[in-house]
Amino acid sequence: MEHSLFFSFFVIFTGAAVLATVSLYTRQPIIVAYVVLGLLAGQSGFGWVTDADMLNEIAHIGIIFLLFLLGLDMQPNSLIHVLRKATLVALLSSAAFFGLGYACGLAFGYTQTESLIIGAALMFSSTIIGIKLLPTTVLHHKHMGELMVGLLLLQDVIAIITLLILGSAASDHGDMGSTLGLTLLALPALTVVAFLAVKFIILPLLSRFDRFHEYLFLMAIGWCLGLAELANWMGLSKEMGAFIAGVTLATHPVAFFMTEKLKPIRDFFLVLFFFALGASFKIHILADIWLYALILTALVIIIKPLVFRFLLGQFSEKKVLAWDIGFRLGQISEFSLLIVYLAVSSRLMSDEAAHVVQATAVLTFVVSTYIVIFNYPNPIAPSNDLRRD
């Protein structure tokens with residue numbers, strides 16, 4: 001039965017308020033409440049909200065705003081310094097996780113192509129989980145926050161290349177090499193265009209009308225979504241465009257105002273993201289893939305922190321910081337879900353193999369959230385000693 005958009009929002013936000021209350025009383029992470037609500041109200045539960053595609057599209061906007069706000073707090077000089085250190089770590093860790101997923105896929109009896117796609121899905125960590133559980137002071141002003149953002153951004157670039165290769169493999173036409181080359185050129189081109197637009201158009205307008213807060217608010221949203229759409233048109237991800245939009249404004253005093261005003265909008269869409277994650281999952285397929293999903297989840301939760309601890313330790317990072325970052329990045333990513341979705345729609349992967357990755361995503365999101373909130377400073381910790389906003 002199809003329900004109206006209003007009814008869907010009623011179920012999502014009223015249900016989220018109820019389950020969030022229960023979560024706080026029982027000292028559980030609120031993020032888990034949103035996923036559970038999705039399972040209950042989605043197609044595998046009571047069926048109150050069934051248009052998962054619409055919710056995923058809306059929730060995607062939350063990720064875009066999250067990256068825009070990250071960019072607003074990253075000074076360009078600091079970002080360049082961090083990316084130099086993070087590049088080798090990102091490349092080596094991605095290679096290690098790819099090998100892990102590929103080996104598991106073959107061990108589970110999936111085809112060579114399916115195993116390659118499972119390996120690709122394991123390469124990345126969740127931007128949403130990693131950043132949402134990082135205290136604002138650490139994210140904005142400390143080395144660990146800058147290093148985490150650098151690693152996640154480099155993974156974003158690798159994910160874009162992976163999606164391009166996957167899309168080309170599924171297509172019967174087009175030159176993959178030329179498409180990939182144009183995309184790699186698009187990133188510096190987009191950055192130059194963004195900085196020029198900010199210098200000669202955006203900042204003069206902001207300076208002229210800075211007394212009108214409503215105008216600043218509209219300019220922030222328009223610039224974020226506009227550059228995200230331009231990035232998408234150029235073959236990059238919308239998230240990458242939104243991040244660049246934020247970085248180009250980071251040196252201007254208006255960045256702080258924009259950060260504060262856009263946080264409620266970001267949180268609104270992120271609730272939808274976690275709900276959509278639970279709502280889109282088909283529980284009945286678990287009977288066939290639950291053991292594979294549990295094995296893959298255990299390997300991701302154990303091996304990812306170990307790999308990041310070892311690699312960051314090789315670059316003179318402190319042991320405590322290396323473990324902290326490792327556990328915060330100890331899950332797979334939203335990009336993993338996008339990769340398997342593209343693979344299934346292109347008939348490169350079976351529904352069963354895709355649900356192994358989807359189940360692993362949900363489980364690693366939940367388990368890594370529990371690990372972080374009970375052991376490291378974060379904004380939603382049940383303990384007052386660990387709660388840092």
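A residue is called buried under 20% relative accessible area, exposed over 50% and partly exposed in between, with a 1.4 Å probe and protein chains only. The model is predicted, so local features need pLDDT of at least 70 and side-chain atom pairs pLDDT 80 or more, while totals for chains, interfaces and linings use all residues. Residues are numbered from 1 along each chain as its sequence is written, and side-chain values use heavy atoms, with hydrogens and water left out.

**Exercise 1.** Classify Trp 323 and Phe 327 by accessibility, and then decide how their rings are arranged.

*Solution.* Trp 323 has a relative accessible area of 25%, so Trp 323 is partly exposed. Phe 327, at 23%, is likewise partly exposed. Rings of Phe, Tyr and Trp (its six-membered ring) pair if their centres lie within 6.5 Å, and planes under 30 degrees apart count as stacked, over 60 as edge-to-face and the rest as tilted. Here the centres are 5.8 Å apart and the planes meet at 25°, so the pair is stacked. Both residues belong to helix H14 (residues 319-328), four residues apart, which is about one turn of the helix.

**Exercise 2.** Check the span of helix H12 (residues 254-279), and locate its kink.

*Solution.* Helices are DSSP runs of H or I with at least four residues, numbered from the N terminus. The expected span is 1.5 Å times one less than the number of residues, so the 26 residues of H12 should span 38 Å, which agrees with end C-alpha atoms 38 Å apart. A kink of about 40° lies at Leu 262, shortly before the proline Pro 264, where the bend is the angle between axes fitted to the seven residues ending at a residue and the seven starting there.

Terms used:
Helices (H or I, at least four residues) and strands (E, at least two) are DSSP runs, numbered from the N terminus.
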